[in-house]
Amino acid sequence: MITQAPPQPEPPLTSHQSPLTYLNVRHTIRSWLLTTDHKRIALLYMVSITLFFFIGGAAATLMRLELLTPQGDLVTSETYNKLFTIHGVVMVWFFLIPSIPTVLGNFLLPMMLGARDVAFPKLNLASWYLFMAGGAFAVFSIITGGVDTGWTFYTPYSSTYANGHVIAMAAGIFIAGFGSIATGLNFIVTTHKMRAPGMTWSRLPLFVWSLYTTSIILVLATPVLAMVLTLMALERAFGVGIFNPALGGDPLLFQHLFWFYSHPAVYIMILPGMGVVSELIPCFARKKIFGYHFVAYASVAIGVLGFLVWGHHMFVSSQSIYAGMIFSVLSFMVAIPSAIKVFNWTATLYKGSIWFATPMLYALGFIGLFTIGGLTGLFLASLAVDVHVHDTYFVIAHFHYIMVGGMVMAYLGGLHFWWPKISGRMYPEGLAKFSAFTIFAGFNLTFFPQFILGYLGMPRRYRVYAPEFQVLNVMSSAGASILAVGYLLPLAYLLWSWKYGKVAGPNPWRATGLEWTTASPPPKDNFQTTPIVTEGPYDYDAQAAEEEWEHAHA
Amino acid sequence: MKRTFPIAGTYVINGIALLCLLALTIFAAYVKLGPFNTVIPLLIALAKGALIALFFMHLRYSKPLMWVFASAGVFWLGILLVLALGDYLTRGWR
């Protein structure tokens, strides 16, 4: 007979005991590896993507070192090809795409909705294991010789001629992709079904709107990537003629299918960043967001339009000129919702009581750099200009302004903003501001010269270049070293603050939002009682903030 | 009352139907039918997809909201096909 001991009442906390949080509820490695708590899974992702960020960063470092001189004197052409492939694959699929959704999204979505967890906690953990299994395949492929196809795996090179473990790398992306799909599905269902009483769609934080749109893109686009990589692997392994013209295939079919995923993937990367910025701006301007519904619907519009523009990657691929014209017009249309967001953030700042805390520095950096990245995207969407700058450093600069200047700035801004909630501790503000400025300066020095290099005609993916390009390349490499310092600093001081930082309290920014109504770090189930929502987000008052500041400094 | 999920026999019948359609695809590939060598496998694939969506994915037994979501997926596939064919059908150099 099985007997069950009666439940023991919990002993009262003594003064030296800290309250139970998601961090100290259990301590074993098993409790972390088998956790279904969304907050712990977010931390698992945070550690994993940080690791991948430094793998991708190491490849970039070697590339920038090679490009210091016009001659190829550090690595061979073959190794250089492998370096930019590793950098692209790891940064896109194992850092940028998972970064904000799986770290900040996992941590915050249930709390912002007033829920105890995501809709499918076990599926959430399975997503992380899929991500790690995919990552293991990618790392295996890198260690055992690498791949030299570029992150785009264009056929027929990848399916016919390329040496190396192309199939293992593609399998890694394929497996990690299923993790993305599961996360997207989880977030969609969570947003629909787990909202606290009173949390209507018009009261959702804008970060949730952007995560929701991102999740829809993940679910709709990622399967196409899985299919196209499978078809490429079938052609490579068994000679099935799909993309190779010699076998009766069409190489442009690969590009159509690949970019049907990979262009929306740009919005998978940037939309969550926009969501973070929409949270930071009202908090640090102490003002309600300007045009809430416009910003929310602009996310959805970007998500939808993002599916209609992939052909702008193929203007010089021998794609039909008529298709090119349509894709060009559609690409220009994406600028409209993007601009709506930028104008609304700027309007929110107007007459706000601006507080230049570290997260705000990152948010302001995001707006400027994203705007430059977005506007140069319009150059590339113009059919004739694209012919001139296609496959040059202009393109490299453009998408790094979006992905690094935009997405990584937003990720770091969000990380600093919610770090007190995640860890319960404050980071050293002075050092954090210094690092934000270092990143901003290093980033611009790295990538602005690349616009000029590209416009002057330096092609991407070459390690040897004409001597007249050296000055700009040296500037770019010098900037990259500053950028590296800027990225290492937060790693060091955030780890330090985890143990030694000042205790943050539940709401150090005096921010609105349900996540700030609970303890820092939050208890395992987020809230003691289910919150009831009676008002919209961003109930800030700039006037009151000014009066408070004057009173404090009188 | 309308069932909300299929019975075991439905899965078995559908599994057999899918295998028969697979055999038909292979058979059709070995018969010279001209342009129909493309059309027929595509129609068979459509039938297979319909069986999977309706029975294995329970769409047949689901609420209209699920039909809306499934239709959205088909619509997205339509975007892929229409815009990709917009290139294939208008290439001047073919």
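These legends go with several close-up views of a predicted two-chain model.

Numbering starts from 1 along each chain as its sequence is written, with chains lettered from A and ligands numbered from 1 in the order in which they are written. Since the model is predicted, local features need pLDDT of at least 70 and side-chain atom pairs count only at pLDDT 80 or more, while totals for chains, interfaces and linings use all residues.

**View 1. Confidence across the two chains.**
Within chain A, helix α14 (residues 429-456) has the highest confidence, at 98, and helix α16 (residues 542-553) the lowest, at a mean of 83. Helices here are DSSP runs (H or I, at least four residues), as strands are (E, at least two), numbered from the N terminus. Residues 1-15 of chain A have pLDDT below 50, and this stretch makes one contact in the model beyond near neighbours in sequence. A contact means that the C-beta atoms of two residues, placed from the backbone, lie within 7 Å. For chain B the average pLDDT is 90, and 95% of the residues score at least 70.

**View 2. Where chain B touches chain A.**
How many residues does each chain bring to the contact? Chain B gives eleven and chain A gives 14. On the chain B side, those residues split into six nonpolar, three polar and two charged. For these classes, Ala, Val, Leu, Ile, Met, Phe, Trp, Tyr, Cys and Pro are nonpolar, Asp, Glu, Lys and Arg are charged, and the others, Gly among them, are polar. For the complex, the predictor reports an ipTM of 0.85 and a pTM of 0.93.

**View 3. Helices α7 and α8 of chain A.**
α7(A) (residues 206-238) and α8(A) (residues 251-285) pack at about 160 degrees, with axes 8 Å apart. Axes are lines fitted to C-alpha atoms, for helices over the stretch in contact, and angles run from 0 to 180 degrees between N-to-C directions. The pair is therefore roughly antiparallel (angles over 145 degrees; under 35 is roughly parallel, 65 to 115 roughly perpendicular, and the rest oblique). By class, their contact has 25 nonpolar, six polar and one charged residues. The crossing of α7(A) and α8(A) is left-handed, that is, the near helix is turned anticlockwise from the far one by less than a right angle, whereas clockwise would be right-handed.

**View 4. Helices α8 and α13 of chain A.**
α8(A) also packs against α13(A) (residues 393-423), at about 45 degrees and with axes 9 Å apart. That angle makes α8(A) oblique to α13(A). Their crossing is left-handed. Residues that meet include A:Val266, A:Gly273 and A:Leu280 from α8(A), and A:Ile402, A:Gly406 and A:Phe417 from α13(A). This contact has twelve nonpolar, four polar and no charged residues.

Most residues other than glycine have a negative phi, and most peptide bonds are trans. A:Thr155 and A:Pro156 are joined by a cis peptide bond, omega about 0 degrees, and A:Pro156 sits in the loop between α4 (121-143) and α5 (157-161). Another cis bond runs from A:Ser520 to A:Pro521, with omega near -10 degrees. A:Pro521 is in the loop between α15 (470-500) and α16. A:Arg510 lies in the loop between α15 and α16, and has a positive phi, near 50 degrees.

Chain B is assigned domain 1 (1-62) and domain 2 (63-94), with bounds from an automatic or database domain assignment. Their C-alpha centres lie 21 Å apart. Helices α1(B) (residues 8-29) and α2(B) (residues 36-56) pack at about 170 degrees, axes 10 Å apart, which makes α1(B) roughly antiparallel to α2(B). Among the residues that meet are B:Leu18 and B:Leu21 of α1(B), and B:Ile44 and B:Leu51 of α2(B). By class, this contact has twelve nonpolar, three polar and one charged residues.

Terms used
pLDDT is the predictor's confidence in each residue, from 0 to 100.
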